Structure formats: structure tokens, C-alpha cells
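Work through the exercises below with the sequence and the structure at hand. Each task is followed by a solution in steps.

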Amino acid sequence: MPTADAAAPVVPPLSILTESEREIAENVHQFAVETIGPRSLAMDLANRMDPELVRQFFDLDLMGIEIPEEYGGLGQNFSTAIAVIEALARVDAACAVCVDVQNTLVDNAVLRWGSPGLKAKYLPQLAKEKVGSYALSEAESGSDAFALKTRAEKKGDRWVLNGGKLWITNGLEAEIFLVFANVDFSKGYKGITAFVVESGWKGFTKGKKEDKLGIRASSTLALAFEDLEVPEENVLGKVGEGYKIAIETLNEGRIGIGAQMLGVARAALDYSAKYVQTRVQFGKPLSEFQAVQHELGRMDMELECARLAVYNAARLKEAGKPFAREGAIAKLKASEVAEYCTSKGLELLGGYGYVREYPLEKMYRDAKIGKIYEGTSYMQLSTIAKDVLKRNA
């Protein structure tokens, strides 16, 4: 059975990453191969993340990549976070999800919209010790996120939250949650407000852990809030502007999902390319058949297109330029490529691809979620189409 090549470069072209970004990503990939790889299948089967790995993510500063050093973070840029997510996903997509949500959604939101007090209180915790989570989705508000029913009522110097959330990534491990609730339903989505909430507070309940098809080690939970009191100072941004925070953080998060899918697709391609050079049929390695070569060539071409889309969106975000369209393209393209590469890779392995002893089966399952969470493929297409129509109005 072929093994992962720890020395393989994370991304071939230097034009995509600076030397510093590349070095960090390479080191993270080396760590992933040596430390995460041996535990990956067991975590998948157990449907649970190894807590020791989460602790190591903090020790390596992977949970606060963009958090400034003054708050205990790594003080790096957005593209570094994206490169790290890709590097982790090449070994285990569930671990990449854990780091992704922390950085592209939670850390980014507190950095951008947090008051000085919120930053001083929560950024050091997010950088060094506490997992964060993003609580937006509900039973009746998935793609239609602004249809959420969780409500927040002002009582003195507190907000009281009642309602529930579904599909909350990192829910089991997280202690700090960004919760979106409506403070005035008469205003529609303009009543939505974001709150920083701690899971240890009275009235906060974690529900059952979902038993998922893929990224099984990544926890996905339901949450319930019953008369949950949140201090007034824990409002993130301004009251009634939670919809803006949701939109803009998800735009950033979609680039992170794109990076996850790049990692999965790259792992599938690399493993398949090694396998076909060792598997002999009709007296010669599969790699000598032109049909097999063409499959590998197309996988590599599609992967490179997706990679360019993802890092283009990341650079636009860093430069402070509009990137909603590019982020949608990055997520859509990368998720399609991940599904394509894992499917083709599984087929190249034949019967071995369909069993858990070989990693393509897990990669195939892990890839599917890319088209669903943080905005389905249909929502990405709508975002792209709206931009096309606007440009041609």
C-alpha cells in the first residue's frame, strides 16, 4: 500500500505563497503526517476528535493564526491560515475543519467587530486554550440563514436568549460561541445581532452529536438556549448588524472551505498517482496505460484551477478588495474538484478503493460536505450569477 509523502510540497508554485507562508504550511503538513495521520482512521471510526490533537493545535499556534502577537496569536496573514488549512486537510479533513472554523469564522469576527474589551478578554483564550464555534444555522434557517428564530430580549444590562441551533461545527469541543439571534422580528433580518457566548453559562445546553457520513471526527452538535443571560458588553459589533457580520464572515469562511477541499483533492491525486505505479495488471503497472495517465492529468489540471481560485480569493481578502464572487467561485470549484478527484481516485484503486483499509474511501466521504456547509453549491452559483447580472445591467 502506498504511503503519504511527508516531503511533498504543499503547493508547487512559489507565486501562490511567499517563502514564509510556504514554510509554515510545510511544517504543519509534516506535523500532520507524523501526528495526525496515524490517528486519522481511528478518529473517523470513533466519530470523535482526539483531545490531545486539539491541545497540540493550540501549542503550535494553529488556532490563532491571524490573532496579533499582543493577544498571544501567531500574527500572520489570511493566506497563511488558508495554506495551513490546506496542509492539514491533505492528511485529515476533520482536523482541518476544526482549525478552519476557529480562524476564518470565530477569530476573524472577533478581530474585526469586537470591542477593545471583547478582544482583550477573548482573543487570548481563542489563541491559546479555548475552541470557538459559529452558531448561525437552525432547523428552519439553513441557506435562508436570516429566517432564524432564536430571539434575544433586553432586560436591564443583559440580553436573554431563547431558541436553538443546528449543525454547529466544533460544538463538542468549543467553549466560546458566536451566536446569532433576532432582537426585533418586526425589523426582519435587520434585527439580527451577534453575541459572544460562553458554553458554561446557565441556560446553555449542548445537544446530541450528529453521526455523519464524512469529517466524522469533527463534532457537529445541536444547541439549546433557555433564558440564557448574556452581558450587554458581549454584543459583537452593533445591535441589529449581525446580518452583516454573518454575511462577511461566511464570505471569508468559504475560502477556508475551498482550502479544505484543495487538501482532500491533493491527497486523493497524490495517493492515486503512487498506487497506479505499484499496481500491476496485464503484465505492467496501471500507470503505463494511457487512459490512466489521462485521468491523472485531468485531476491535476482541475486541482490547479481550484487552487488558483482559492488563493486569488484569499489575496483579495487580504488586500481589502471585494471578494464575495471570488470566494463563492473558490468554494464551488474546490468542492467540485474534491468530489471529482476522490471519486476518480477511488475508481483507479478498483476494489481496494471501496474498503476502509485504503484511504480513498474516507477521502471520498470527506469531500461531499464541501458542497453543503457554509453555503451550498446552489447558493454559490446564485452569488456568482448576481455579480454577472450586476456587471451587465
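**Exercise 1: aromatic pairs**

In this predicted model, the count of aromatic pairs comes to 11.

Task: Classify the pair of Phe177 and Phe204 by its geometry, and find which parts of the chain the pair ties together.

Solution.
1. The ring centres of Phe177 and Phe204 are 4.9 Å apart, with 50° between the planes. Planes under 30 degrees apart would count as stacked and those over 60 as edge-to-face, so this pair is tilted.
2. Phe177 belongs to strand E4 (residues 176–182) and Phe204 to strand E6 (residues 204–209). The pair therefore ties together parts that are 27 residues apart in sequence.

**Exercise 2: buried or exposed?**

Task: Decide whether Phe177 and Phe204 are buried or exposed.

Solution.
1. Buried means under 20% relative accessible area.
2. Phe177 has a relative accessible area of 0%, so Phe177 is buried.
3. Phe204 has 9% relative accessibility, so Phe204 also counts as buried.

**Exercise 3: a nonpolar patch**

Task: Which residues make the nonpolar surface patch of about 340 Å², and where is Val355 placed?

Solution.
1. The patch is made by Tyr352, Tyr354 and Val355.
2. Val355 sits in the loop between helix H8 (324–349) and helix H9 (360–368).
3. With a relative accessible area of 36%, Val355 is partly exposed.

**Exercise 4: a negative patch**

Task: Which residues form the negative surface patch, and in which strand is Glu229 found?

Solution.
1. Asp157, Glu226, Asp227, Glu229 and Glu233 form the patch.
2. Glu229 is in strand E7 (residues 220–231).
3. The relative accessible area of Glu229 is 44%, so Glu229 is partly exposed.

How values were computed. Residues numbered from 1 in each chain as written. Predicted model: local features only at pLDDT ≥ 70, side-chain atom pairs only at ≥ 80, totals over all residues. Heavy atoms only, no water. Patch = residues over 30% accessible without salt bridge, like charges linked within 9 Å, V, L, I, M, F, W, Y side chains within 5 Å. Areas by Shrake-Rupley, 256 points an atom, 1.4 Å probe, with all protein chains shown as cover. Salt bridge = Lys/Arg side-chain N within 4 Å of Asp/Glu carboxyl O. Helix = DSSP H or I, 4+ residues; strand = E, 2+ residues; numbered from the N terminus. Buried < 20%, exposed > 50% of the residue type's maximum accessible area, 1.4 Å probe, protein only. Lys, Arg positive; Asp, Glu negative; His and termini not counted. Charge placed at Lys NZ, Arg CZ, Asp CG, Glu CD. Phe/Tyr/Trp six-rings, centres within 6.5 Å; stacked < 30°, edge-to-face > 60°.
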